[in-house]
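Take a look at the sequence and the 3D structure below. The report that follows walks through them part by part.

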Amino acid sequence: MKLFYAPQTRAARAIWLLEEAGVDYELELVDIRAEVRADSDDFLTASPMGKVPALVDGDTAMAESAAICLYIADRYSAGRLAPAIDDPARGRFLYWLMYTPAVVEPAMSEHFNKIEPNPVRNGWGDFPSMIATWEAGLGDNDWILGAEFSVADIMLGSSAVFLRAFEMLPDSPVLSAYADRCLARPAYQKALELGS
Ligand SMILES: N[C@@H](CCC(=O)N[C@@H](CS)C(=O)NCC(=O)O)C(=O)O
């Protein structure tokens with residue numbers, strides 16, 4: 001299995017994922033900051049937009065970090081990093097797995113770029129409601145599904161760490177403690193080391 005990555009990008013969450021799953025993989029650096037990109041065909045097949053992370057696993061070539069999380073969890077650690085397909089928790093898991101690309105990231109970008117929100121028209125609501133919904137979803141639990149860690153926590157946890165690092169996380173003891181819990185996982189520490 002090969003993971004295409006670049007330092008200090010969303011690829012860190014895919015490395016975190018592969019470390020949690022305990023699968024063998026190699027890393028291939030993509031120079032996304034080069035003035036003139038020289039992306040390989042293999043990389044562009046996996047990631048037609050030229051974005052990292054991207055994964056090649058045998059005949060499977062794909063990008064999008066949430067999709068990679070779901071693929072690895074289902075294929076290599078079903079029932080451990082994702083509820084099994086017939087588990088009643090599966091629906092809630094999918095909701096929170098998609099919450100990062102569908103809600104957290106667009107709301108974060110809108111907020112950062114000081115764009116006037118339109119919470120009814122836009123599928124991500126707005127920044128304050130994105131944060132409040134996330135906090136309420138976590139409640140007093142360690143992880144978004146309760147006591148069990150899942151790949152939804154990889155997507156959400158990496159976002160919490162990013163928001164805090166860029167001083168965009170509002171005063172939120174719940175999300176700050178969540179970011180700390182994620183950072184305490186050896187697999188995340190290894191990813192930060194490898195992907196920095
Ligand atoms: N929705 C994608 C976003 C990936 C993404 O934006 N990657 C950035 C780095 S964090 C990238 O590769 N940028 C280089 C480019 O767009 O050329 C995901 O979650 O995987």
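## Helix α5

Start with helix α5, residues 127-138. At 1.5 Å a residue, the 12 residues of this helix should span 16 Å. The C-alpha atoms at its ends are 17 Å apart, which agrees. Keep in mind that this is a predicted model.

Which residues of α5 are buried? They are Phe127, Met130, Ile131, Trp134 and Leu138. Seen down the axis of α5, these buried residues fall within an arc of 95°, so they line one face of the helix. They pack against two other helices, α4 (90-112) and α7 (173-183). After α5 comes Gly139, and its phi is positive, near 50°.

## The whole protein

Now step back. The protein has 8 helices and 4 strands. Along the sequence, they follow the pattern β-α-β-α-β-β-α-α-α-α-α-α.

How does the overall size fit the chain length? With 196 residues, a compact globule would have a radius of gyration near 16 Å. The protein has 17 Å, which agrees with that. Its C-alpha trace spans about 40 × 40 × 30 Å along the principal axes.

Buried residues make up 36% of the 196 residues.

Go to the start of the chain. Strand β1 covers residues 2-5, and strand β2 covers residues 26-29. The two strands run parallel, and 4 bridges join them.

Helix α1 covers residues 11-21. Together, β1, α1 and β2 make a β-α-β unit. This unit is right-handed.

Helix α3 covers residues 65-76. Its 12 residues, at 1.5 Å each, should span 16 Å. Its end C-alpha atoms are 16 Å apart, which agrees. The buried residues here are Ser65, Ala66, Ile68, Cys69, Leu70, Ile72 and Ala73. They pack against α1, β3, β4 (60-63), α4 and α6.

Look closely at Ser65, which belongs to helix α3. Is Ser65 buried or exposed? It has 26 C-beta neighbours inside 10 Å, so it counts as buried; the cut-off for a buried residue is 20 or more. Leaving out residues up to four places away in sequence, Ser65 touches Arg10, Arg13, Ala14, Pro53 and Met155. The C-alpha atoms of Ser65 and Val52 are separated by 8.2 Å, and these residues are 13 residues apart along the chain.

## A cis peptide bond

Val52 has another feature to find. A cis peptide bond joins Val52 and Pro53, with omega about 5°. Pro53 sits in the loop between α2 (41-46) and β3 (54-57). Pro53 is also one of the residues that Ser65 touches.

Gln8 is not a glycine, yet its phi is positive, near 50°. Where is Gln8? It lies in the loop between β1 and α1. Gln8 has 10 C-beta neighbours inside 10 Å, so it counts as exposed; the cut-off for an exposed residue is 12 or fewer.

Glu167 is not a glycine either, and it has a positive phi of about 55°. Its place is the loop between α6 (151-165) and α7. Is Glu167 buried or exposed? With 7 other C-beta atoms within 10 Å, Glu167 is exposed.

## Tyr178 in helix α7

Finish with Tyr178, a residue of helix α7. Tyr178 has 24 C-beta neighbours inside 10 Å, so it counts as buried.

Which residues is Tyr178 in contact with, leaving aside its neighbours within four places in sequence? They are Leu138, Gly157 and Ala160. Leu138 is also one of the buried residues of α5. Now find Asp142, which is 36 residues from Tyr178 along the chain. The C-alpha atoms of Tyr178 and Asp142 are separated by 6.9 Å.

Methods. Residues are numbered from 1 along each chain as its sequence is written. This is a predicted model: local features need pLDDT of at least 70, side-chain atom pairs count only at pLDDT 80 or more; totals for chains, interfaces and linings use all residues. Two strands pair if DSSP finds at least two bridges between them. A crossover is right-handed if, with the strands pointing away from the viewer, the path from the first strand over the helix to the second runs clockwise. The expected span of a helix is 1.5 Å times one less than its number of residues. The arc is that of the directions from the helix axis to the C-beta atoms. Two residues are in contact if their C-beta atoms, placed from the backbone, lie within 7 Å. The radius of gyration is taken over C-alpha atoms; the globule rule is 2.2 Å times the number of residues to the power 0.38.
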